[in-house]
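I set out to record, entry by entry, what I looked up in this structure. The entries follow the order in which I consulted it.

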Amino acid sequence: MPCSCDHCPFAENPAFERHDANERDAVRLARSGEMRVRAGHPIVTEGSTPQRFYTLLEGQAIRYRILEDGRRQVLNFLFPGDLIGLQSALLDETTHTTEALSAVRLCVFERSQLWDLFAKVPRRAMMLTWQVAREEHFLGDALVTVGQRSAREALAWAFVTLFDRGAQTGLVQDGRMPFPVRQQDLADALGLSLVHTNKTLAKLRAEGLVEWTNGVLALPEIEALARMGLVERHQMRPRFFL
């Protein structure tokens with residue numbers, strides 16, 4: 001059943017900042033409903049000009065681009081609270097595809113409502129700034145990973161970074177996190193072949209650093225893995241959401 005803003009799954013989640021009454025009212029007026037997308041199906045497609053953008057409420061998704069010859073570069077992994085389709089809302093055209101990795105539930109906003117919403121609740125505009133800054137940080141680190149980290153370091157970086165992002169949204173319970181990512185997704189994100197990814201992952205598993213089975217991820221020695229991946233972990237703060 002669709003939920004109202006009063007029963008938003010983020011409202012009581014300590015990982016997210018709470019909306020005040022004015023913000024809830026403004027968001028309620030701006031949202032046009034909810035949408036569900038099955039795993040493996042696109043949410044937005046490259047080259048399209050959708051009139052909507054979304055907040056990911058449940059599930060996980062992936063953002064990527066495909067070259068003319070079929071090669072794919074994964075740009076980012078999306079978790080609850082992330083915005084989808086914001087680029088087209090601001091720039092008129094989408095330059096990537098966003099696909100559901102698992103079944104997802106989305107809060108739907110009309111593109112035409114974006115600026116009115118930010119005018120009514122300027123603090124929500126800060127959320128946009130925060131998300132853009134975080135995306136820039138992730139993409140910069142990903143570029144360093146593709147260009148400079150070894151395969152072993154790259155996989156360690158990816159697991160720690162994504163696990164911490166999942167923890168920031170409350171997905172990690174008892175040291176485990178739903179992780180519907182495929183090995184091919186990691187390979188395409190890190191610029192590795194699937195064979196190299198598989199062999200490197202097998203070594204990390206054998207060393208007891210990574211447990212990844214049936215779509216669930218655990219990192220028993222996350223600090224050791226972070227050192228291996230040259231990851232600077234930061235204290236988490238409540239994040240914004242729309």
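**Entry 1: Loop and tail residues**

I looked up Asn-214 and found it in the loop between strand S10 (211-213) and strand S11 (216-218). Helices (H or I, at least four residues) and strands (E, at least two) are DSSP runs, numbered from the N terminus. I note that this is a predicted model, in which local features need pLDDT of at least 70, side-chain atom pairs count only at pLDDT 80 or more, and totals for chains, interfaces and linings use all residues. Residues are numbered from 1 along each chain as its sequence is written, and side-chain values use heavy atoms, with hydrogens and water left out.

The phi of Asn-214 is near 50°, a positive value in a residue other than glycine. Most residues other than glycine have a negative phi. With a relative accessibility of 76%, Asn-214 counts as exposed; the classes are buried under 20% relative accessible area, exposed over 50%, and partly exposed in between (1.4 Å probe, protein chains only).

I then turned to Leu-230, in the segment after H8. Its phi is near 55°, again positive in a residue other than glycine. Leu-230 is exposed, at a relative accessible area of 53%.

**Entry 2: Salt bridges**

I counted salt bridges, each being a side-chain nitrogen of Lys or Arg within 4 Å of a carboxyl oxygen of Asp or Glu. The structure holds 16 of them.

I examined Asp-185 and Arg-72, whose side chains meet in a salt bridge at 2.8 Å, N to O. Asp-185 belongs to helix H6 (residues 183-190) and Arg-72 to strand S5 (residues 72-78), so the pair ties together parts that are 113 residues apart in sequence. Both Asp-185 and Arg-72 are buried.

I next took Glu-99 and Arg-182, a salt bridge with its closest N and O atoms 3.7 Å apart. Since Glu-99 lies in strand S7 (residues 97-100) and Arg-182 in the loop between strand S9 (176-178) and H6, this pair ties together parts 83 residues apart in sequence. Glu-99 is buried at 12% relative accessible area, whereas Arg-182 is partly exposed at 39%. I recorded a network of salt bridges that links Arg-72, Glu-99, Arg-182, Asp-185 and Asp-188.

I also checked Glu-223 and Arg-233, where the closest N and O atoms of the salt bridge are 2.5 Å apart. Glu-223 is in helix H8 (residues 222-228) and Arg-233 in the segment after H8, so the parts tied together are 10 residues apart in sequence. Glu-223 is partly exposed, with a relative accessible area of 43%, and Arg-233 is partly exposed, with 33%.

**Entry 3: Ser-102**

I located Ser-102 in the loop between S7 and strand S8 (104-110). Ser-102 is buried, at 18% relative accessible area. Which backbone nitrogen does the side chain of Ser-102 reach? I found that of Gln-60, at 3.1 Å. Not counting residues up to four places away in sequence, Ser-102 touches Val-37, Arg-38, Ala-39, Gly-59, Gln-60 and Pro-180, where contact means heavy atoms within 4.5 Å.

**Entry 4: Helix H4**

Among the buried residues of H4 I list Arg-124, Trp-130, Glu-135 and Phe-138.

**Entry 5: Nonpolar cores**

I searched for nonpolar cores, meaning sets of buried Ala, Val, Leu, Ile, Met, Phe, Trp, Tyr and Cys residues joined through side-chain atoms within 4.5 Å. The largest has 38 residues, and those with the most contacts inside it include Phe-77, Phe-159, Trp-212 and Leu-225. Elements giving two or more residues to this core include strand S4 (61-66), helix H5 (151-168) and helix H7 (194-206). H5 gives the most to this core, with 10 residues. Domain 1 (21-121) and domain 2 (136-229) both give residues to this core, so it lies between them; the domain bounds come from an automatic or database domain assignment.

Apart from this core lies another, of 20 residues, including Leu-83, Cys-107, Phe-109 and Met-127.

Conventions:
A polar contact is a pair of N or O atoms within 3.5 Å; within protein, one must be able to donate a hydrogen and the other to accept it, and residues adjacent in sequence count only if both atoms are side-chain atoms.
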